[in-house]
Number of protein chains: 2
Amino acid sequence: MTPRVALISTGTELLRGRSLDTHLSRIARELEPLGFEVGFHATAPDDLVRIVEEIRLAAARAPIVILTGGLGPTEDDFTRRAAAEAFGRPLEFSAPAWSAIRARFRKFRIPMAANNRRQAFLPRGARLLPNPLGSAPGFEIASGVRRFFALPGPPREMIPMLRRSVLPRLSPQGKPFKLWEATVFGMPEGTVDEIVAPIVRRGGASYGITVSGGVIRLSVKSAKGSPAAIGRAISKALGIHLVGPGNLEQTVADLLLRSKRTIAVAESCTGGQIVDRLTDCPGISASLLEGWICYSNAAKTARLGVPGDLIRRHGAVSGEVAASMAEGAARAARADVGVATTGIAGPSGGSRAKPVGLVWHAVHYGGRTRVERREFPGERADVKRRASNLALDLVRRALLHA
Amino acid sequence: MTPRVALISTGTELLRGRSLDTHLSRIARELEPLGFEVGFHATAPDDLVRIVEEIRLAAARAPIVILTGGLGPTEDDFTRRAAAEAFGRPLEFSAPAWSAIRARFRKFRIPMAANNRRQAFLPRGARLLPNPLGSAPGFEIASGVRRFFALPGPPREMIPMLRRSVLPRLSPQGKPFKLWEATVFGMPEGTVDEIVAPIVRRGGASYGITVSGGVIRLSVKSAKGSPAAIGRAISKALGIHLVGPGNLEQTVADLLLRSKRTIAVAESCTGGQIVDRLTDCPGISASLLEGWICYSNAAKTARLGVPGDLIRRHGAVSGEVAASMAEGAARAARADVGVATTGIAGPSGGSRAKPVGLVWHAVHYGGRTRVERREFPGERADVKRRASNLALDLVRRALLHA
C-alpha cells in the first residue's frame, strides 16, 4: 500500500474559478518518485473555520498533509492561525522567520509593509521552512506520527520549497511503483479499453485511461515489478494507434529529428497551432523549416502556389486545396514533409455543404499526398485542437509509412 | 448567504498529476451568474469506496452536489455504482439511456464495444441527462431537498450538459454578487496590489489577484451594488497597464476589428503562438492577413526580406532583425501592423551575450517600429508564453498610440 498524502489547496479565487489550481498536478508528480501518492485533495476558501475543518479531515485521513496558500501578509491569509487551531497550539513570534522576511525585503530594496510582521508568527513548535524565492516562509508541524507542511501558493515559490524542505523529510517508501504510460490516437476510448483491459488484468496490474480532444493517455501501474512487459503487449495490440510514451508533437519531433527529415507547415483553420506545438519540442529547429498561416485565398496562392482556379472550382475548404497547400509548403521550403489544414473553425462561416467543424488535412511526403476529411464537434478552440491533433498524427503515420 | 454547491472531480489520473483538473474553474464560472458558489471541492480517485465516501461527505455539506467523471464504459468508471450506493438505490437498466448511446454510435458510424452497455445502467429513479456531444449520459438524483448531478469528465461534453440540464434546474438565488474583472499587464503584482487595495477598501468591496506568465487578473467583488465604480477608479489608476475585461489576445482582436486595421505576424522563437492565440478569437480573419514562422535565417530573408547582411552583423536574435521582420511582414502582407519575435527559447542555444530566455519583440505600425528586449525566466514553454504575451501587449499599445 502506497502511503497517502492529503493535499489542501486554499484560496477563494480557486473556488470562484478565477484561477486554475495546478498544485495537485505539480505536487503529485514531485511525490511520485519517492513512492508517495496523493490520496486526498480538497480546495478550501480563505476562511478560518473551513481551513481548520479541512486540516482536521485531512490529518484524520493521511499521515502526511500538505497545505498550499494563505501564508501572505494580508488579513485573509489564514493558514498560520488555522494550523495553530487545528493542532491546538498557540501562535508565537518567530525571530528567525522575522529576520528571513526582513532580509528579503532589504535584498530587493522593497519597502516593507507593517502587515508583513504577521508572517513571522508560527504555531508553537513549528519548524520554519525557508522560502528562497518569496517573502512568505512556510512551516512544518510534527504531531505524533503525523506531519503537516504549509507552503506558499505561487508554484514558483512552492515547488522549490517542496523540493528543498519537504521531500527530503519524507523517507522513500519501499520501491516506488512503476508506471508505463503511452499516448493513443485514432481509436475510440471504448475500443482501446476493450483491448487494454484484459492485457492489464492478465498482468495483475491496474491502469487509467483519459481522453482529451480524441487523444487518449494510458497509464499502467504495477505494484510488483515493471509494467514494461504489459506495455509491450499493449503496444502490439494497438498497433499503429499507439503513438508512444510522449505526446503527439514530441513523437513527431522525435521521428523527424531521428530520420533527419525536414518539415514545413501551412495552416489555415488551425491558425499556427501545429507549429506552436512542434516548437514546444526542444531542438525542433533542425527539422522545422518554415510555417505559414494563410487565412486568405490570396495568401494561399502567393505563398504556397495554390492555383486560384483550384480554389474557385473546389473552394478554399476542400481536399484539393489542402493537398495543394501541403505540396506548396514542402516545395517552397524545400522540406521533406509538408502538412496543411483548411477548414471552418466557427462559430460562423459554415453552410449546409460545409458545416462549422469541417476540416481537410493533408500531408505530403515521399512523392505522395494523403488527404483526410473530418467533421469535428465542439467550439472554435476544440476544432482547432482536434484538427492539429489529426494533422500531427498524419505526419507521424506518413513518417512511419503506415 | 449564497447557497453552496459541493463539487467532486473524479479520476485517479487527476490525483497522480497526469492531467489537470479544470472542472472547478469552469463550473464555478457557470454557477456564478445564478448566485451559486462552489463551497466545497474534492478530488476522488477511481475507487468505488472513496467515491461513495466523497458523495456522502459532499451531500452532508451542501444541498447541491455535482460530480464529474467516471461515466465512461470502462471498469474503472465507478460513478453509476457509487451514486447508487451512496443514495441506497439499486442500479437499473435504462432503455432511454441505451437508445441514446446506440444512436450516437450509429450517427458517427463508430463500432460500439460491448462494454458501452454499462453506460445504460443508472441508479433507480435517476433522471437521464442527455449528452449531445458524447456517448456517456449523465444523471440526476433528487433525494429529499438534495440534488445530485453526475456529469461526464471531458469539459467539451460536461459544460453543454451543465448549461442544458443542470443550470435550468437550479432556481436563481436572490441577487447574485457582481464582479468587475480585468486583465493587467506590464506592472509587478505587488505594485498593482498597492494601487488597487486602497481603492477597493474605500469602496467597501473585496478583490482577488492572480498572476500567470506576467499577466495579472483582477476580480473585484461587491456585495452591495455594482463594483463598476470601483473598476473605473482602478482603471484610471492603472492607466495603460489596464488591458481590459478580456485577455490580451481578445483585446488586441477587438482593437484591430473595431479600427478595421489589418495585421501580419512573423514569429521565430514564439513559433506560431501569437497567431494561434489571435486565431482563438472569432472573426479575426477580417484582420489577420498572414503569419510566418521563420526559424531559419534563409526564411527570414526569403519571406520577410530581412537583409542577410543585417543578420550577419547583428545576429538573428537582435533588435535590428526583429524590427526588420515586423516591417517585412507588414510589407509582404500589405498589413497595417506587423509584429515579430526573435529569441532563444532554450534549453540550448544560449551564450553569455545572448542567454536562454532572451527575446527581441518588434511592432511596426503607422510608419514607426518599436522594439523591446527582454530576458525571460523559466523553461521553453514559459519563454514562448511570456514573449507572446509581450508581443500582443506591444500591438495593443501601438494601436492605442500609447
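Predicted model: local features only at pLDDT ≥ 70, side-chain atom pairs only at ≥ 80, totals over all residues.
In which hand does H7(A) cross H8(A)?

**Stop 1: two helices of chain A**

Select residues 189–202 of chain A, which form helix H7, and residues 228–238 of chain A, which form helix H8. The crossing of H7(A) past H8(A) is right-handed. Their axes lie 10 Å apart, and the packing angle is about 155 degrees. Angles over 145 degrees count as roughly antiparallel, and H7(A) and H8(A) are therefore roughly antiparallel to each other.

Now show the side chains in the contact. H7(A) supplies A:Ile195, A:Val196, A:Ile199 and A:Val200, while H8(A) supplies A:Ile230, A:Ala233, A:Ile234, A:Ala237 and A:Leu238. By class, this contact has 9 nonpolar residues, with no polar and no charged ones.

**Stop 2: a sheet in chain A**

Next, select strands S9, S10, S11 and S12 of chain A. These 4 strands make an open sheet with antiparallel pairing, in the order S10-S11-S9-S12. Strands S10 (206–212) and S12 (242–244) of chain A are at the edges; each has a single partner strand, so one side of each has no neighbour in the sheet. From one strand to the next, the twist averages 30 degrees.

Within this sheet, look at S9 (residues 178–185) and S11 (residues 215–222) of chain A, an antiparallel pair with 8 bridges. To locate one of the paired positions, pick A:Lys178, whose bridge partner in S11(A) is A:Ser222.

**Stop 3: where chain A meets chain B**

Show both chains. The contact takes 59 residues from chain A and 61 residues from chain B. On the chain A side, the largest share comes from strand S14 (residues 288–294) of chain A, with 7 residues. That side divides into 23 nonpolar, 21 polar and 15 charged residues.

Select S14 in both chains: S14(A) and strand S14 (residues 288–294) of chain B run antiparallel and are joined by 5 bridges. Pick A:Cys294 to find its bridge partner in S14(B), B:Glu290.

**Stop 4: B:Ala333**

From B:Glu290, go to B:Ala333, which touches B:Glu290 as well as B:Ala264 and B:Leu289. B:Ala333 is in helix H13 (residues 319–333) of chain B. Is B:Ala333 buried or exposed? B:Ala333 counts as buried because it has 26 C-beta neighbours inside 10 Å.

Definitions and conventions
Residues numbered from 1 in each chain as written. Chains lettered and ligands numbered in written order. Axes fitted to C-alpha atoms, helices over the stretch in contact; angles between N-to-C directions. Parallel < 35°, antiparallel > 145°, perpendicular 65-115°, else oblique. Left-handed = near helix turned anticlockwise from the far one by under 90°. Contact = placed C-beta atoms within 7 Å. Nonpolar A, V, L, I, M, F, W, Y, C, P; charged D, E, K, R; others polar. Pairing = 2+ DSSP bridges. Buried ≥ 20, exposed ≤ 12 C-beta atoms within 10 Å, placed from the backbone. Lists of a residue's contacts leave out its neighbours within four places in sequence.
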